[in-house]
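Hi,

Here is the structure I promised to pass on. Have a look at it first, and my notes follow below.

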Amino acid sequence: YCPTHSKGGALPPDINEYIRIAQLLIDSYKTNQGRGIDWIFNGGEPFDMDYMPSLLKLCKAHSESVTLHTSGGRLWIDWWAVEPHVDNLILTFHHWQNPALIKYIIDTFKSKGKGFTLSAPIRNTHVQEDIDRVLALEDLIGMLVPKTQLYFNAYPSAGMLKYDRDD
């Protein structure tokens, strides 16, 4: 879960630079050494980069597997362009996300026999609101969703944010 001070920053390099580096890795490992590649994309948020489906497509075409950690970023409408290139999805459900879209994504991955994991961070300032949203999502998708407490500045070594005892 990204604290406010962790958001933003410099713009990432153009997607073509990531594609160039991925192609170098593919050429080195797969083509020259005959070794498979298991890609794992996480972040920050991978979908804060424009044209991420292009990179996923290249990597999937030359890989053993592609795992994606995401909360969806800016790409919520384009899941049809993402799903074919991802074998395992690690998805975070936040308070601002549309539960119907989460259900669509999960149903799509389930129907294709793909792996997925879902979790929900619970904000210390909106505990009951977040829990209620997650419980409603659980009813909608028919499965339990692990709920996670948050760390100060997103660092486990810094300790947990302050939650009320009743929470």
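A quick definition before the salt bridges: I count one when a side-chain nitrogen of Lys or Arg is within 4 Å of a carboxyl oxygen of Asp or Glu. Searching the whole structure that way turns up eight salt bridges.

Some ground rules. This is a predicted model, where local features need pLDDT of at least 70 and side-chain atom pairs count only at pLDDT 80 or more, while totals for chains, interfaces and linings use all residues. Residues are numbered from 1 along each chain as its sequence is written, and side-chain values use heavy atoms, with hydrogens and water left out.

The overall picture

The protein chain has five helices and five strands, and from the N terminus they run α-β-α-β-α-β-α-β-α-β. Helices here are DSSP runs of H or I with at least four residues, strands are runs of E with at least two, and both are numbered from the N terminus. The C-alpha trace spans about 60 × 35 × 25 Å along its principal axes. Of the 167 residues, 36% count as buried; that means under 20% relative accessible area, with exposed being over 50% and partly exposed in between (1.4 Å probe, protein chains only).

Taking contact as heavy atoms within 4.5 Å, residues 24 or more positions apart account for 60% of the contacts with a separation of 6 or more. The accessible surface comes to about 10000 Å², and 54% of that belongs to carbon and sulfur atoms. Areas are from the Shrake-Rupley method with a 1.4 Å probe, and for residues only the protein chains shown count as cover.

Back to the salt bridges

Aspartate 87 and lysine 60 pair up at 2.7 Å, N to O. That links distant parts of the chain: aspartate 87 sits in the loop between helix 3 (79-82) and strand 3 (88-92), lysine 60 in helix 2 (residues 52-61), and they are 27 residues apart. Aspartate 87 is partly exposed at 22% relative accessible area, and lysine 60 is partly exposed at 24%.

Lysine 114 bridges to glutamate 83, with the closest N and O atoms 2.7 Å apart. Lysine 114 is in the loop between helix 4 (99-111) and strand 4 (115-121) and glutamate 83 in the loop between helix 3 and strand 3, so the pair ties together parts 31 residues apart in sequence. Lysine 114 is buried at 17%, and glutamate 83 is buried at 7%.

Glutamate 129 and arginine 123 also form a salt bridge, with their closest N and O atoms 3.5 Å apart. Glutamate 129 is partly exposed at 41%, whereas arginine 123 is buried at 11%. As for networks, salt bridges that share partners join Glu83, Lys112 and Lys114 into one.

Two other spots

Ile21, Leu24, Leu25 and Tyr29 make a nonpolar surface patch with about 310 Å² of accessible area together. Patch residues have over 30% relative accessible area and no salt bridge; like charges are joined within 9 Å, and nonpolar side chains (Val, Leu, Ile, Met, Phe, Trp, Tyr) within 5 Å. Leucine 24 lies in helix 1 (residues 15-32) and is partly exposed at 47% relative accessibility.

Then there is proline 99, in helix 4 and partly exposed at 24%. Leaving aside residues up to four places away in sequence, proline 99 touches Phe93, Arg133, Leu137 and Leu140. Glutamate 17 is 82 residues from proline 99 in sequence and 34 Å from it in space, C-alpha to C-alpha.

Cheers
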